[in-house]
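Subject: Model handover

Hello,

Please find the model below, with notes on what came out of it.

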Amino acid sequence: MERRMVERLNTDIDVINISKTSGTTYNISIKVKNTGSTELDVGDFTIIVNGVIESYSADREYLYPLDIVNITVTNLTYTGTIRVKVVTGNGIEDYGSYTA
Amino acid sequence: MGFSLAGSHLIFFVASVIVAGVVAGAFTAVTLNISGSLNEKCNRVKEKLDTDFEIINDPEKIPLSGSYYLFYIKNTGRSKIETTNDTFQVFIDGNLLDKGSYYFSPSVVFQSEVTTLYISSTEISSGNHRLRIVGPAGVYDEFVFNV
């Protein structure tokens, strides 16, 4: 419990950019920076786009402090200003948005 | 005369041994009882410390699937959690929901995994609401959202 609490306190992420491909069915690329001091297992992340959990791929397995991971979500069709939420394995989260 | 002195000593000795035995037996039973209770309490505390979960939805975008709102519950603890409508109680704005109006899928989540809580849309009117889910060992999470 104590270890988990310390880990949570030391965990922080920032969604620093979201870009999309063109077309009505498009992909988005989410850049997430580890702004905490613990390493994060990217496979434990949950990505929520427009309120719905989406499957994703990432260019790295572990995200070390100050490193950036590029997460890709494919085959989206939402339009308007879309909110994206990224949640780490231990429940730390950050939001971003893009316009489609 | 000699018998009465030695006899009375013997009687006192035997009586004191019997009393000491009874008292020691009683203390042993009480001690064992306390030890068992402490053990049980320790296991419960350990379960509580190892159990943690979080509602991770976007509060402004609660997905609707058919006639159910979907809430995502992430296991942020260290032990697996059984997610059924027997192990979890669900409250909307302080009102306990009937077991028939919600269910989970999947019904077991391991560390860092997500289960979906399906709540009948008839239980949630439009506007702001507070969802409270109480899981095993009394661990709970609250979430304010808008539909």
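The model is predicted, so local features need pLDDT of at least 70 and side-chain atom pairs count only at pLDDT 80 or more, while totals for chains, interfaces and linings use all residues. Residues are numbered from 1 along each chain as its sequence is written, chains are lettered from A and ligands numbered from 1 in the order in which they are written.

Helix and domains of chain B

B:L49 sits in helix α1 (residues 2–50) of chain B. B:L49 is partly exposed, because 16 other C-beta atoms lie within 10 Å; the classes are buried at 20 or more such atoms, exposed at 12 or fewer and partly exposed in between, with C-beta atoms placed from the backbone. Between B:L49 and B:R78 there are 29 residues in sequence and 8.7 Å in space, C-alpha to C-alpha.

Chain B has two parts, domain 1 (1–50) and domain 2 (53–146), with bounds from an automatic or database domain assignment. Over C-alpha atoms, the centres of domain 1 and domain 2 of chain B are 50 Å apart. Four residues from domain 1 of chain B and seven residues from domain 2 of chain B make up their contact, where contact means C-beta atoms, placed from the backbone, within 7 Å.

Sheet in chain B

An open antiparallel sheet of four strands runs in the order β6-β5-β10-β11 in chain B; strands pair if DSSP finds at least two bridges between them. At the edges are β6 (95–96) and β11 (140–146) of chain B, each with a single partner strand, so one side of each has no neighbour in the sheet. β5 (residues 89–92) and β10 (residues 128–134) of chain B pair in the antiparallel sense over four bridges, and B:Q89 has B:V134 in β10(B) as its bridge partner.

Core

The largest nonpolar core holds 40 residues, and A:I30, A:V86, B:F71, B:L117 and B:I119 touch the most other members. Such a core is a set of buried Ala, Val, Leu, Ile, Met, Phe, Trp, Tyr and Cys residues joined through C-beta atoms within 7 Å. Strand β3 (residues 68–75) of chain B gives the most to this core, five residues. Beyond its neighbours within four places in sequence, B:F71 is in contact with B:I55, B:N57, B:L117, B:I119 and B:L131.

Chain A and the interface

Chain A has one helix and 10 strands. Its C-alpha trace spans about 45 × 25 × 20 Å along the principal axes, and buried residues make up 30% of its 100 residues.

The contact between the chains takes 16 residues from chain A and 15 residues from chain B. On the chain A side, β4 (46–49), β5 (52–54) and β9 (81–87) each give two or more residues, with the largest share, three residues, from β9(A). That side has five nonpolar, six polar and five charged residues.

Regards

Notes: Contact = placed C-beta atoms within 7 Å. Nonpolar A, V, L, I, M, F, W, Y, C, P; charged D, E, K, R; others polar.
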